[in-house]
Amino acid sequence: MLRAIAHEEQCRQHGRLPENLRRDLRRIAEGQSVSKAVGKRVRAGAHLVREWNGRTYQVEVVEGGYRLDGRTWPSLSAVAKHITGTAWSGPRFFGLKGRGGAKP
């Protein structure tokens, strides 16, 4: 009960989540994959996280590209290639798109 009260107070002070975000979170909670729930909408300010070979990479979406390790990249595929050393589909590497013929 205390958590619910604290949540309500926080909503009063800071406002509720935008409806589109609440809808996406509801879909994910119902078991839908993240990529299907949010689609291809990735706005500036978003952070994409991927673990690769024991290291966690956090990429920030910025206007005109993607920022990783203090450098701005023109595409997610360029970031994925930098991380892995081989050509990858950036959206697929970061889980924004399903595997080849399979639906996400």
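Me: Is T84 buried or exposed?
Reply: T84 is buried, with a relative accessible area of 18%. Note that this is a predicted model, so the cut-off matters here: buried means under 20% relative accessible area.

Me: Which helix is T84 in?
Reply: T84 lies in helix α4.

Me: What is the T84 side chain doing with backbone oxygens?
Reply: A polar atom of the T84 side chain lies 2.9 Å from the backbone oxygen of A80. The backbone oxygen of T86 is 3.0 Å from a polar atom of that side chain.

Me: And which residues does T84 contact, leaving aside neighbours within four places in sequence?
Reply: With those neighbours set aside, T84 is in contact with W52 and F93.

Me: Zooming out. How many helices and strands?
Reply: Five helices and four strands. In sequence order the pattern is α-α-α-β-β-β-β-α-α.

Me: What share of the residues count as buried?
Reply: 22% of the 104 residues of the protein.

Me: And the accessible surface, what does it come to?
Reply: About 7700 Å², and 51% of that belongs to carbon and sulfur atoms.

Me: What about contacts, what percentage join residues at least 24 apart?
Reply: 19%, taken among contacts between residues at least 6 apart in sequence.

Me: OK, the core. Which residues of the largest nonpolar core touch the most other members?
Reply: L48, V59, L68, V79, I83 and F94, out of 14 residues in that core. At least two core residues come from each of β2 (55-62), β3 (65-68) and α4 (76-84).

Me: Which element has the largest share of this core?
Reply: α4, with four residues.

Me: Take V79. What does V79 touch?
Reply: Not counting residues up to four places away in sequence, V79 touches V59, Y66, L68, W73 and F94. V59, L68 and F94 are also among the core residues that touch the most other members, as is V79 itself.

Me: Now the outside. Which residues form the nonpolar patch on the surface?
Reply: L17, L21, L25, I28 and V34. Together they have about 390 Å² of accessible area.

Me: Which helix gives the most to the patch?
Reply: Helix α2, residues 19-29, gives the most, with three residues. L25 is found in helix α2.

Me: Switching to charges. How many salt bridges?
Reply: The count comes to five. As background, side chains of opposite charge can pair when their charged atoms come close.

Me: Which residue does R16 meet in a salt bridge?
Reply: E8, at 3.0 Å from N to O. E8 is partly exposed, with a relative accessible area of 32%.

Me: What about E19, which residue is its partner and at what distance?
Reply: The side chains of E19 and R26 meet in a salt bridge at 3.8 Å, N to O. E19 is partly exposed at 44% relative accessible area, and R26 is partly exposed too, at 41%.

Me: And D69, what does D69 form a salt bridge with?
Reply: R55, with the closest N and O atoms 3.1 Å apart. This pair links distant parts of the chain: D69 sits in the loop between β3 and β4 (71-73), R55 in strand β2, and the two are 14 residues apart.

Me: Are those two exposed, partly exposed or buried?
Reply: D69 is exposed, with a relative accessible area of 52%. R55 counts as partly exposed, at 38%.

Me: What separates the C-alpha atoms of D69 and Y57?
Reply: 8.8 Å, with the two residues 12 apart along the chain.

Notes
Residues are numbered from 1 along each chain as its sequence is written. This is a predicted model: local features need pLDDT of at least 70, side-chain atom pairs count only at pLDDT 80 or more; totals for chains, interfaces and linings use all residues. Side-chain values use heavy atoms; hydrogens and water are left out. A nonpolar core is a set of buried Ala, Val, Leu, Ile, Met, Phe, Trp, Tyr and Cys residues joined through side-chain atoms within 4.5 Å. Buried means under 20% relative accessible area, exposed over 50%, partly exposed in between (1.4 Å probe, protein chains only). Contact means heavy atoms within 4.5 Å. Patches are made of residues with over 30% relative accessible area and no salt bridge: like charges are joined within 9 Å, nonpolar side chains (Val, Leu, Ile, Met, Phe, Trp, Tyr) within 5 Å. Accessible areas come from the Shrake-Rupley method with a 1.4 Å probe; for residues, only the protein chains shown count as cover. A salt bridge is a side-chain nitrogen of Lys or Arg within 4 Å of a carboxyl oxygen of Asp or Glu. A polar contact is a pair of N or O atoms within 3.5 Å; within protein, one must be able to donate a hydrogen and the other to accept it, and residues adjacent in sequence count only if both atoms are side-chain atoms.
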